[in-house]
Amino acid sequence: MNRQFALFQSHLDFAHTYWKQIIAAGDTVIDATCGNGHDTLFLAQIVLTDTSGVVIACDLQKQALDNTEKRLRESNLLSGKLERVRFVQGCHSTFPKDLKSGEVKLIVYNLGYLPKGDKAKTTLTETTLDSLKAATELVVSEGIISVTCYPGHSEGKREEEAVLQWASGLDPRFWSSSHHQWVNREESPSLLLLQKGC
Ligand SMILES: C[S@@+](CC[C@H](N)C(=O)[O-])C[C@H]1O[C@@H](n2cnc3c(N)ncnc32)[C@H](O)[C@@H]1O
């Protein structure tokens, strides 16, 4: 029997609980792996509630961007606000060139492959590391980089190990780097949170 847990049912509860504490209406945020758009919608419902927030949704696959756009369009809460969502198809190792250093409040990665999609189109260790390095420049003081890792498949395991190794080397004077994981669920997804100091 699957029991319910009021505090954190899944790794997504972890992530969303922290994001809510740091982002607000008017912020610029990036979903670096928008997939089917669940996280993009969550972010948009917070940052687009005034007239200045921006959401940048990136994914390698057109299918993912289409799915995300459809999900946002179907949300009544976002009507009239979708012009402030930018859909970017491509590898997240390159962010849009017009973004300035220190402009983004939150950058989220939900690594792996599109659920029910092509498992070969998974995030890869090398480009994920390149993207994370670029993200450290873009994020504002007190902003966060959030990375959900999936060690349940071989590239995901390699990716989690490499990302944790890189994150553990961040200078503690400038970065708070923490890792959250269930210790009684095998190969459970985990959440890495990197906060830039002010
Ligand atoms: C686990 S899914 C994301 C799920 C999404 N957060 C959601 O709420 O539905 C991972 C996504 O990363 C995308 N992806 C894989 N490699 C990528 C890359 N190098 N750059 C950007 N997106 C990538 C995949 O196409 C896939 O849609």
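Helices here are DSSP runs of H or I with at least four residues, and strands are runs of E with at least two, both numbered from the N terminus. With that in hand, let's walk through this predicted model. Reading along the sequence, the protein chain goes α-β-α-β-α-β-β-α-β-α-β-β, which comes to 5 helices and 7 strands.

How does that chain pack overall? For 198 residues, a compact globule would come out with a radius of gyration near 16 Å, and the protein chain has 16 Å, so the two agree.

Now for the ligand. The space it takes up is the largest pocket. Around the ligand sit 23 residues, and the closest are Asn36, Asp39, Asp59, Gln61 and His92. Sorted by class, that shell has 8 nonpolar, 12 polar and 3 charged residues.

Which atoms of the ligand pair up with aspartate 59, glycine 37 and histidine 92? Start with aspartate 59: one of its polar side-chain atoms lies 2.6 Å from an oxygen atom of the ligand. Glycine 37 also faces a ligand oxygen, but through a backbone N or O atom, at 3.4 Å. Histidine 92 uses its backbone too, with a polar atom there sitting 2.9 Å from a nitrogen atom of the ligand.

Notes: Residues numbered from 1 in each chain as written. Predicted model: local features only at pLDDT ≥ 70, side-chain atom pairs only at ≥ 80, totals over all residues. Heavy atoms only, no water. Near = heavy atom within 4 Å. Polar contact = N/O pair within 3.5 Å; in protein donor to acceptor, adjacent residues only side chain to side chain. 1 Å grid on protein atoms, 1.4 Å probe; cavity = no way out; pocket = protein on both sides within 12 Å on 5 of 7 lines; lining within 4 Å. Sits in = over half its atoms within 2 Å of the grid points. Nonpolar A, V, L, I, M, F, W, Y, C, P; charged D, E, K, R; others polar. Rg over C-alpha atoms; globule rule 2.2 N^0.38 Å.
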